Amino acid sequence: MDTIMMKRVLLVITICFCVSYSTAQETINDDSKFSLGIHHPMSIGDNFIKNAYNGILGLDVAYKAHEAESFVLKAGLGVDYFNYNFLDEADGNAIILKPRIIGEFKINSMPALKPYAILGYSFFNSKIDLESGLNTFDPMIAPNATVKTDYNGINYGVGVLYDISTKVFINLYLDFISLNVKDEVPDISYNKNVQTLNIGLGINL
């Protein structure tokens, strides 16, 4: 199954599940502490992620730690999965783990609309398998080698939730990561800045 078809299948399954769950739970009060969502991470900007990877699937988990009259404080974790596509002779992927704090704001005149801000830390891990006969133009990387990288850095962003019902919501957010690259990698914006536009659906558990 190709990447585009897999995304479509996952989206259809998620929508059907969310609608079914929402219908079954509509009579329950909205006192949920946990939320679970999936999204499609779309790389934007001029950076190595945008030019070398395709965003496949992302997962968001959040716990409502504190609620006040005008805002909600949450602890969350985001996970993004990317497929490497820069070289045809190589196969690989990347995973970004994003533990974070989320500040969600209440709008009394539009209670279904919930803007929020994100602040956290990110861990970027990638693995690329090179095929035999591939000329990488790098004497330190041999054919049939496996190249692994692991970086980390500050994560921040802004977004908005829109409640379809008391249990199901649409999630749209911009995510920014500033990675601490290692000495052998040029310390420039292209190599250390990651930006994604994320669109998805979630459920209050």
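**View 1. Glu104 stands opposite Tyr116 in β5.** The model shown here is predicted: local features need pLDDT of at least 70, side-chain atom pairs count only at pLDDT 80 or more, and totals for chains, interfaces and linings use all residues. Residues are numbered from 1 along each chain as its sequence is written, and side-chain values use heavy atoms, with hydrogens and water left out. Here strand β4 (residues 90-105) meets strand β5 (residues 113-130), and the two pair in the antiparallel sense over 13 bridges. Strands are DSSP runs (E, at least two residues), numbered from the N terminus, and two of them pair if DSSP finds at least two bridges between them.

**View 2. Eight strands form a closed barrel.** Follow the order β1-β2-β3-β4-β5-β6-β7-β8, with antiparallel pairing.

View 3. A cavity is a set of points on a 1 Å grid over the protein atoms alone where a 1.4 Å probe fits but cannot get out; lining residues have an atom within 4 Å of a point. Of the 17 lining residues, Ser35, Asp60, Ala62, Ile102 and Asn171 are the closest to the centre.

**View 4. Ser43 sits in strand β1.** Ser43 counts as buried because its relative accessibility is 13%, where buried means under 20% relative accessible area (1.4 Å probe, protein chains only). Leaving aside neighbours within four places in sequence, Ser43 is in contact (heavy atoms within 4.5 Å) with Ile49, Lys50, Phe82, Gln195 and Thr196.

Technical notes:
Helix = DSSP H or I, 4+ residues; strand = E, 2+ residues; numbered from the N terminus. 1 Å grid on protein atoms, 1.4 Å probe; cavity = no way out; pocket = protein on both sides within 12 Å on 5 of 7 lines; lining within 4 Å. Buried < 20%, exposed > 50% of the residue type's maximum accessible area, 1.4 Å probe, protein only.
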